[in-house]
Amino acid sequence: MAQVEATTERIVAADAETVFDALADYSGTRAKLLPEQFSEYEVREGGDGEGTLVHWKLQATSKRVRDCLLEVSEPTDGELVEKDRNSSMVTTWRVTPAGDGRSRVVVTTTWTGAGGIGGFFEKTFAPKGLGRIYDALLARLAAEVEK
């Protein structure tokens with residue numbers, strides 16, 4: 001079983017604090033940012049960054065739906081980490097200043113992939129699919145904070 005990783009990034013025309021606060025606002029802004037691949041979104045504990053417990057279903061492909069229950073932590077400034085209680089999946093959001101009131105948002109998701117030929121296809125195609133999903137989310141984030 002191999003580690004699978006998908007990374008997506010975007011420069012957003014808003015300061016890092018504004019962008020981070022929008023991402024960390026699970027009880028408000030975050031739900032508005034999710035593309036159609038996310039369903040059954042529910043904040044179960046907290047709602048603002050560290051200590052939040054949030055649930056959603058992620059339809060990665062037409063046949064693959066992940067039931068995610070994520071614990072949120074903030075290990076360093078500008079970083080949100082979402083660890084799935086139901087799998088090995090971990091998503092890390094990093095927001096850093098990019099000059100002139102802009103910021104860079106990098107989202108990286110890792111998980112332990114399947115073995116064998118299925119694992120080969122997962123490692124080859126899953127990062128591209130997840131990248132498209134997070135591209136859509138980051139576009140919505142930019143539209144939200146650049147208002």
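**Rings, core and backbone**

Modeller: Start with Y41, which is partly exposed because its relative accessibility is 24%. Bear in mind that this is a predicted model.

Biologist: How is the pair of Y41 and W56 classed, stacked or edge-to-face?

Modeller: The ring centres lie 6.0 Å apart. Planes under 30 degrees apart count as stacked. The planes of Y41 and W56 meet at 10 degrees, so the pair is stacked.

Biologist: Which strands does that pair link?

Modeller: The two residues are 15 apart in the chain. Y41 sits in strand β2 (residues 38–45), and W56 sits in strand β3 (residues 53–59). The link therefore joins distant parts of the chain, β2 and β3.

Biologist: Is W56 buried or exposed?

Modeller: Buried means under 20% relative accessible area. W56 has 3%, so W56 is buried.

Biologist: What geometry do W93 and Y134 show as an aromatic pair?

Modeller: Their centres are 5.5 Å apart. Planes over 60 degrees apart count as edge-to-face. Here the angle is 85 degrees, and the pair is edge-to-face.

Biologist: Where do W93 and Y134 lie?

Modeller: They are 41 residues apart, in distant parts of the chain. Both are buried. W93 belongs to strand β6 (residues 90–97), and Y134 to helix α3.

Biologist: Which residue places its charged end over the ring of W93?

Modeller: A charge over a ring must be within 6 Å of the ring centre. The charged end over W93 is 4.8 Å from that centre, and it belongs to R30.

Biologist: Which ring has R66 over its face?

Modeller: R66 is 5.4 Å from the ring centre in question. The ring is that of W111.

Biologist: Which element gives the most residues to the largest nonpolar core?

Modeller: That core has 35 residues. Those with the most contacts inside it are V19, L23, L80, W93, V105 and L141. Among the elements that give two or more residues are β1 (3–12), α1 (16–24) and β7 (103–112). The top contributor, with 8 residues, is α3.

Biologist: At which residue does α3 bend?

Modeller: Helix α3 covers residues 116–145. From first C-alpha to last it reaches 43 Å, close to the expected 44 Å. Its bend is about 35 degrees, and a proline, P127, follows within four residues. The bend is at F125.

Biologist: Is E79 buried or exposed?

Modeller: E79 is placed in strand β5 (residues 79–84). Beyond its neighbours within four places in sequence, E79 is in contact with F20, S73, E74, T92, W93 and R94. Its relative accessibility is 10%, so E79 counts as buried.

Biologist: Where does D100 lie, and what is its phi?

Modeller: D100 is in the loop between β6 and β7. With a relative accessible area of 80%, D100 is exposed. Its phi is positive, in a residue other than glycine, and is near 50 degrees.

Biologist: What is phi of E40?

Modeller: E40 lies in strand β2. Its phi is also a positive value in a residue other than glycine, near 55 degrees.

Biologist: How many Å separate A31 and V65, C-alpha to C-alpha?

Modeller: A31 is in helix α2 (residues 29–33). A31 is partly exposed, with a relative accessible area of 39%. A31 and V65 are 34 residues apart in sequence, and their distance in space is 18 Å.

Key
Residues numbered from 1 in each chain as written. Predicted model: local features only at pLDDT ≥ 70, side-chain atom pairs only at ≥ 80, totals over all residues. Heavy atoms only, no water. Expected span 1.5 Å × (residues − 1). Bend = angle between axes of the 7 residues up to and from the residue. Buried < 20%, exposed > 50% of the residue type's maximum accessible area, 1.4 Å probe, protein only. Contact = heavy atoms within 4.5 Å. Phe/Tyr/Trp six-rings, centres within 6.5 Å; stacked < 30°, edge-to-face > 60°. Lys NZ or Arg CZ within 6 Å of the ring centre and 35° of its normal. Core = buried A, V, L, I, M, F, W, Y, C linked by side-chain atoms within 4.5 Å.
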